[in-house]
Amino acid sequence: MVDALQPPARKNPLLRTVSPTRPPESRSRAALGLSVAAASGRFALQRCSECSSYQYPPRDACHRCLCVELPWHDVSPQGKLLAETTIRASTKLYFRERMPWRTGSVQLDAGPVVICHLHADCKTNTKVRLINRLDRSGQGVMLALPIENTVNMEDDPQLRVLTSNPKHRRILISDARSPNSVAIAGALVQAGASAIFIGESESWLPNAQRDELASMEKVSLLPLDVTDTSSVERLAAELGGKCDILINNARFMREGGVLDRGDTGFAKQEMEVNYFGLMRLAQAFGPAMCSRTSDGVNSAVAWVNLLSVHCLSNHASFGCFSASHSAAHSLSQSLRAEFRASGLRVMNVYTGPTEDDWYQPVPPPKVQPEAIARSIVNGLQQGLEEICCGDVAKDIYLRYQKDPLVLEKQMTPAGDGP
Amino acid sequence: MSLLVQMAEQIAQGSIKLVDLTHTLDPDFPVIILPPEFGQCARFRMEEISCYDHRGPAWKWHNLSLSEHTGTHFDAPAHWVSGKDLPNNSVDEIALDQFVGPVVVMDCSDGARSDEDFELSVEIIKDWESRHGTIQPDCWVLMRTDWSKKRGAQYLNMREDGPHSPGPTPEAVRFLIEQRNIRGFGTETVGTDAGQGAHYTPPYPAHFYLHGAGKYGLQCLANLDQLPATGAVLIAAPLKIRNGTGSPLRVMALVEEAQA
């Protein structure tokens, strides 16, 4: 049984903050498929197109028939823990700091035997289930869990370090005016977050959610306007050093494509909030967060972006808005590269139309604020990088992965004339 | 000694006082809010270009973004549809002599304190004239409400039925234009019209009548409580923006010591 993770003591100001170290990052191109699956929490292996045999470790040709067509398939994550060992010495700083470290070999039901990390509650010669998750280098690794959930299971050190679990962490939500801010804050409180800071822009305007947010346990409202560099810098100066997870839910959107609008006014506001807002937050909060990714129980761990799934393929009814989210999506990729060395994880949550004023004329299904909150918390608890919230986002995301150009054709019809 | 040199000396000695009627341009200063599907007034924003650093080692400077109608600002006749076809209706075309002139101040601060929708009426203007004399032609008229002392949410005072702040009635605006031929009208609130000005006929009467008659507006003024009812001179020169409908500006008043 794992001991319950205790809230961290207040930081000792005489001690140097531990510098982030990382597990090995290098992978073959073939092995990156495992990391791609891990980014969305899937357990997948290569399967030979000719003989259907599963492959492990990832490779370029089938171990049985040498076929080079080895697409990734989701497979059963269950297997049997054959043997285990405990590593007590390593030349790699990351593991030296975390000794002893249990690893084991698991015979998967799908066939291969894999070497994986072990949850403390796994026992040799019993059934286990594997998860494929990103490590702090951003690469997919496997961890064996007991078949049934155990007490304090999520507090296992090997598991926690793979996740971005909000438990005992301090979280900044960038926009109190967003229709999802109450739901997100509530879900994070439920998930054990120790403090939630919510930025509120333009306090000279009413905010119908202010009283509800202000009355929530552990929640503080603070001035923050992502379109105002001085405002972002001021808040980062105040609490950049205790922001463990940042959730950017600020959004500006209006309907219409290029010709509907006739000017660049709303498009500029969309870019100011959706693109430059993200950039300002990253420039102000990113460096401090990157420096604190090994800072104990409440280390900085994740950066969360809420994106329209139409950042992948434009939705012409909201053409200019989609374009601003494409810019934000591209920036999130830059942030992934820039944060990677620290281990700070960028999690993108994609949604289709959401249940709010600006999607009011759009028919259902629409994503409820509570669904967004659940997706965020679930994604953090699992340590994901890519999440689709709702059926529309899942559908578009899959079609984009399958063929982006076919999706573009499907998204840009004019309809047959008479 | 020439008149101007005398004046400069009196300013230096303090016998002519300069009163700053301008709010500081600040990202948090409220702007007028329209229904969200309409285009919106840009907030004041300032981005550093360099700060004695790798972006420019010996100098600090900023890029600004703002609307013509952000902060303490001037409204030209071209701002409103009623003034769109007038000659010289934009800030770059207005004659320079219009930017310096006499100003009278009507103190409505008592009324505005007890009634957030306080109206400046013809009766109040006539009552003011009975005490201070008839408003002279080509004079600025400022409505003092002490609204500029409000901060944050109280300034715009936005509620579900819109903002609530004092302003002139349609009849009062017409009186000032048609009977007194003033140069312009100024307020301490976010617009020359009352917060609920959309519900008059015509909507936004100060904007509609003033600009339709080629008159000017000043809004978001401050420190009107430091001006005498009559006798001060207003300096309000907007930026020279091609076809500009308005401009943020530094508004100041010259007040002789005996009047202050």
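**The interface of chains A and B, and the fold of chain B**

In this predicted model, chain B and chain A together bury about 1300 Å², of which 52% lies on carbon and sulfur atoms. Pro36(B), Arg45(B) and Glu47(B) contribute 33% of the area that chain B buries against chain A, more than any other three residues. Counted by residues, the interface brings 18 residues of chain B into contact with 15 residues of chain A.

Three salt bridges are found across the interface of chain B and chain A. In a salt bridge between Glu47(B) and Arg280(A), the side chains meet at 2.9 Å, N to O. Between chain B and chain A, seven residue pairs are in polar contact, with both residues at pLDDT 80 or more. On the side of chain B that touches chain A, the elements giving two or more residues are strand E2 (45-53) and helix H4 (153-156) of chain B. The class composition of that side is 10 nonpolar, three polar and five charged residues.

Chain B contains six helices and 15 strands. Its radius of gyration is 19 Å, close to the 18 Å given by the globule rule for 260 residues, so chain B is as compact as a globular protein of that length. The C-alpha trace of chain B spans about 65 × 60 × 40 Å along its principal axes. Among the 260 residues of chain B, 48% count as buried. Of the contacts in chain B with a separation of 6 or more, 74% are between residues 24 or more positions apart.

A single residue shows some of these features locally. Thr169(B) lies in the loop between strand E10 (167-168) and helix H5 (170-179) of chain B. Its relative accessible area is 8%, and because the cut-off for buried is under 20%, Thr169(B) counts as buried. Neighbours within four places in sequence aside, the residues in contact with Thr169(B) are Glu119(B), Leu120(B), Ser121(B) and Tyr200(B).

Technical notes
Residues are numbered from 1 along each chain as its sequence is written. Chains are lettered from A and ligands numbered from 1 in the order in which they are written. This is a predicted model: local features need pLDDT of at least 70, side-chain atom pairs count only at pLDDT 80 or more; totals for chains, interfaces and linings use all residues. Side-chain values use heavy atoms; hydrogens and water are left out. Contact means heavy atoms within 4.5 Å. Buried area is the accessible area (1.4 Å probe) that two parts lose on being put together, summed over both. A salt bridge is a side-chain nitrogen of Lys or Arg within 4 Å of a carboxyl oxygen of Asp or Glu. A polar contact is a pair of N or O atoms within 3.5 Å; within protein, one must be able to donate a hydrogen and the other to accept it, and residues adjacent in sequence count only if both atoms are side-chain atoms. Helices (H or I, at least four residues) and strands (E, at least two) are DSSP runs, numbered from the N terminus. Ala, Val, Leu, Ile, Met, Phe, Trp, Tyr, Cys and Pro count as nonpolar, Asp, Glu, Lys and Arg as charged, and the others, Gly among them, as polar. Buried means under 20% relative accessible area, exposed over 50%, partly exposed in between (1.4 Å probe, protein chains only). The radius of gyration is taken over C-alpha atoms; the globule rule is 2.2 Å times the number of residues to the power 0.38.
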